Amino acid sequence: MAWMTRANAPPRTRRERLGDGPARGPHRARAMSGSGAGSRGGGARTRGNLLPGCPPRPPPGVMDLSVPGYSPSFKRPPETLRLRRKRGRSLGAAERPEPATRRAARAAGLPLRPFPAAGRGGGGGPAGARRNPFARLDNRPRAASEPPEGPPRGQQEAPGRFLDSNQENDLLWEEKVPERTAITELHQTPHVSFSESDIPPSESTELPVDWSIKTRLLFTSSQPFTWADHLKAQEEAQGIIQHCRATEVTLPQSIQDPKLSTELRCAFQRSLIYWLHPALSWLPLFPRIGADRKMAGKTTPWSNDETLQHVLMSDWSVSFTSLYNLLKTKLCPYFYVCTYQFTILFRAAGLAGYDVITALISPTTRGIREAMKNEGIEFSLPLIKENGPEKRKASGTGLRHGEEQAISDEDEEESFSWLEEMGVQDKIKKPDVLSIKLRKEIHEVQMDHRPESVVLVKGMNTFTLLNFLINCKSLIATSGPQAGLPPTLLSPVAFRGATMQMLKARSVNVKTQALSGYRNQFSLEITGPIMPHSLHSVTMLLQSSQNGSFSAGLYTHEPTAVFNICPPKDNVLDKEAVHEELANCGLHPKTLDHLCRTPVLGKLSLRHVEMSDYIYNWRS
């Protein structure tokens, strides 16, 4: 009788399963009867029999033949599932039929999203990847012939390997920018274009003046910088004395053994000195824009003490006034005021081609500009072309509220006079005054916190700006880690209440791979608030110590890069007269001559400098 599987066998009782009951069905009868002499003599049992009373085990292969895809060892998945999975992955979007409605829409030339089957087919190609439906407002893929929304990255940043070094500053710079400043370009805001004839070639014996503040300098050369390490006590003291007395030191064009040159080491010590107020050694006081993360968790006893805040602000006002008086008497060439919102550069008359004191503020907001206009401070927006009513509004001439209202009423009457001429003034609904005002001022809001919002103040208006900053309550943060902390004052010369500080410098020797093996590569790193005079002094020293061959990567504090703009000026200054008036400002004559030049970098700043055979090559 044919063997029956367990699935087809009739059910057994509990007694039959234990071996006490009679066998039911042919399966049980054959298992108990045995076969031939093997079951009756010699006590031998057949292969399929077990102990008396136990159900027999079915012969091998019965379960394998009855259940397709069954694997008794369970070492690998069934072959049928593996083939089914492989067949599902191999099916692409091309093998699946396209709906008739989709084909009709494609024939009509309508823009369509990728076919959903392509994303599930698992083809792995670029077209099969699922697309984010929130990427664009129209929710459709960008065609190959469609131009990108913003300018290419190569036009926004200068090429070179040192560009990535500014990512940290960029993050700090963008951390304070609100969401509304993410506009790709200013609508209906013409910019002042700088002609190519004003920009010198990238190779010259002198570097262009850069008024931005650097946070890090990294010099590399094939010659060691060991002369910059471990200054002796006498050399350090002599360098400080030379700085305080403004002693002029001239170095030869090339120094054979820089490590033994005392004049070089003293001059290097002098170039690292700057003056700071307030000075709190446990707090990083530069940069201030986006510094909340670095200041978080630091001890700030003045944050909840109004008396202490008043004392700090009183001392800061005295120091600020002292710096401005030094600038006015041409004993200080320039200084910076760094707040948690913006940075201000004050320059003495004669610097950057101006015959009066100038102040550049960047970045600004509409609220700050309105407050300055209310205080009667006249200013201009150098990167915004001013014409018509916008010029009267943006120049900050300090008009009274009544005059501004009269001007706006006149403009409104002129804009709707043509409706009266046509006789349809009653049939067309005029926009309300609030809508007109918002439409006129939308471009001012869009340029907030951007380089285009830089403000230029000249002449006696800088003194009014001084009083405005001293009495401005929004100059100091009211919450956060910088709450109650006055702005930072940075100057190349000493002033009342200032503290002498030193830039940090260290030299490193590394081995780089070359064609013939490994060669020594020497580097010098300088960190801190590096002002323009320090950058020029250090490059002059390295020109002598490194025999006119070195390269440098410059890390810029991004909010100050716009200080290199040069608005058109009416007259040309006499260089000799300017040098005589600024002879006692505390700078080296060559550095002073360098800062008196007209800036040509525009909104950019120096990023990479390379000198070869005493010829500079730079990128901005």
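Helices (H or I, at least four residues) and strands (E, at least two) are DSSP runs, numbered from the N terminus. The structure is a predicted model, in which local features need pLDDT of at least 70 and side-chain atom pairs count only at pLDDT 80 or more, while totals for chains, interfaces and linings use all residues. Residues are numbered from 1 along each chain as its sequence is written, and side-chain values use heavy atoms, with hydrogens and water left out.

**Helix H11.** Eight of the 10 residues of H11 are buried, where buried means under 20% relative accessible area, exposed over 50% and partly exposed in between (1.4 Å probe, protein chains only). They are Leu264, Arg265, Cys266, Ala267, Phe268, Gln269, Arg270 and Ser271. At the N-terminal end, Ser261 caps H11.

**Packing against H10.** Helix H10 (residues 233-245) packs on helix H11 (residues 262-271) at an angle of about 60°, with the axes 8 Å apart. Axes are lines fitted to C-alpha atoms, for helices over the stretch in contact, and angles run from 0 to 180 degrees between N-to-C directions. H10 is therefore oblique to H11, since angles under 35 degrees count as roughly parallel, over 145 as roughly antiparallel, 65 to 115 as roughly perpendicular and the rest as oblique. From H10, Glu235, Glu236, Gln238, Gly239, Ile240, Gln242 and His243 meet Thr262, Arg265, Cys266, Ala267, Gln269 and Arg270 of H11. This contact has three nonpolar, six polar and four charged residues; Ala, Val, Leu, Ile, Met, Phe, Trp, Tyr, Cys and Pro count as nonpolar, Asp, Glu, Lys and Arg as charged, and the others, Gly among them, as polar.

**Thr364.** Thr364 lies in the loop between strand E6 (358-362) and helix H14 (366-374). Its relative accessible area is 0%, so Thr364 is buried. Leaving aside neighbours within four places in sequence, Thr364 is in contact with Arg369, Asp448, His449, Ser453 and Val455.

| Side chain | Backbone atom | Distance |
|---|---|---|
| Ser261 (oxygen) | Leu264 nitrogen | 3.3 Å |
| Thr364 | Ser453 oxygen | 2.5 Å |

**The protein as a whole.** The secondary structure comes to 22 helices and 14 strands, and buried residues make up 38% of the 620 residues.

Technical notes: Contact means heavy atoms within 4.5 Å. A polar contact is a pair of N or O atoms within 3.5 Å; within protein, one must be able to donate a hydrogen and the other to accept it, and residues adjacent in sequence count only if both atoms are side-chain atoms.
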